[in-house]
Amino acid sequence: MEKENRNKKKKNHNTPFDKNKTASCEKNDVAWIFIKGIGLLCLFSILFYNSLWPIIIGSIALIPFYKRERDKLLKKKHEELAVHFKESLFVVLSALKAGYSVENAFVEAQKEMQFRFSEKNVMVQELILINRQVKNNIPIEQLLENFAHKTHSEDIKDFADIFKLAKRSGGDMGEIMEHTISVITRRMEMRETIKLLSAAKKYEQSIMNLVPVGIIFYIRLTNPGYFDSLYHNLFGICVMTAALLVYASAYLLSEKILEIA
């Protein structure tokens, strides 16, 4: 029984950032990425080669595809975490102004965030972990530093550094927190503005990416024998492979151009 309780405690301490010091993909996310990759392989195999055999050769492309899709998903999770982190700081600030100690302010933040997003939320899990370790007499500034190190978030790192200095110097924590939150908020608003400005271009990119595939699909649907001379022969395979490589290169280039660092 004791062994089981220990295992349960260990499980409760785990967060989505524990394994690789970065947000991890859930099993459902990984499964969806591979299903999406296999679906695209089937689509391109039928449209460009009229055969399912290229799936075997093209399955090698699933590895870079998985890495790229995983990075996109992790970036999205990090952005979501940054927003929830900012919201939790507002709760901490309100608690500090109400007369709570720093440690109790983070407990209030956990309660509020748990009420809003449920216990499964990444930020809630991190707050639970921080508050649990505070009870074990681990300094809260050290826990925030660890959190920043795990997430690789610039906003969280800046906050952890300022919080550590404020805690050591004994400054007005409420005033320092308010200033720090305003700086982080302005930075996030700037990112959102950049996203909105590039949203139209991303929409155009999505349409342009679909156009070549849409044309081939439309021609095959309306004139089934149009591409027969390019299927199941060496010359046709070379032509379609070259076309596919050009399409893939154009797609990657467009992604690179619109990518926001």
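**Figure 1. The whole chain, before zooming in.** Of the 261 residues in the chain, 33% are buried, where buried means under 20% relative accessible area, exposed means over 50% and partly exposed lies in between (1.4 Å probe, protein chains only). Keep in mind that this is a predicted model: local features need pLDDT of at least 70, side-chain atom pairs count only at pLDDT 80 or more, and totals for chains, interfaces and linings use all residues. Residues are numbered from 1 along each chain as its sequence is written, and side-chain values use heavy atoms, with hydrogens and water left out. The chain has 10 helices and zero strands; both are DSSP runs numbered from the N terminus, helices being H or I with at least four residues and strands E with at least two. Take the contacts in the chain with a separation of 6 or more, and 67% of them come from residues 24 or more positions apart; a contact means heavy atoms within 4.5 Å. The accessible surface comes to about 17000 Å², with 62% of it belonging to carbon and sulfur atoms, as computed by the Shrake-Rupley method with a 1.4 Å probe; for residues, only the protein chains shown count as cover.

**Figure 2. Where helix α4 meets helix α6.** Helix α4 (residues 62-97) packs against helix α6 (residues 122-135) at an angle of about 55°, and their axes are 9 Å apart. Those axes are lines fitted to C-alpha atoms, for helices over the stretch in contact, and angles run from 0 to 180 degrees between N-to-C directions. That makes α4 oblique to α6: under 35 degrees counts as roughly parallel, over 145 as roughly antiparallel, 65 to 115 as roughly perpendicular and the rest as oblique. On the α4 side, look for L81, H84, F85 and S88; on the α6 side, V122, M123 and L127.

**Figure 3. A look at the aromatic rings.** The structure holds nine aromatic pairs. Rings of Phe, Tyr and Trp (its six-membered ring) pair if their centres lie within 6.5 Å; planes under 30 degrees apart count as stacked, over 60 as edge-to-face and the rest as tilted. In one of these pairs, the rings of F159 and F163 have centres 5.7 Å apart and planes at 35°, so they're tilted. F159 and F163 sit four residues apart in helix α8 (residues 154-169), so about one helical turn separates them. Both F159 and F163 are buried. F85, F106, F147, F159 and F163 make up one aromatic cluster.

Figure 4. R220 belongs to helix α9 (residues 173-222) and is partly exposed, at 22% relative accessible area. Leaving out residues up to four places away in sequence, R220 touches I46, L47, N50, F227 and Y231. R220 and L47 are 173 residues apart in sequence, yet 8.1 Å apart in space, C-alpha to C-alpha. F227 is buried, with a relative accessible area of 11%, and Y231 is buried too, at 5%.

Figure 5. E255 is found in helix α10 (residues 234-258). With a relative accessible area of 16%, E255 is buried. Its contacts are R68, K72 and Q205, not counting residues up to four places away in sequence.

Figure 6. L165 has its place in helix α8 and is exposed, with a relative accessible area of 59%. L165 and E141 are 24 residues apart in sequence and 9.0 Å apart in space, C-alpha to C-alpha.
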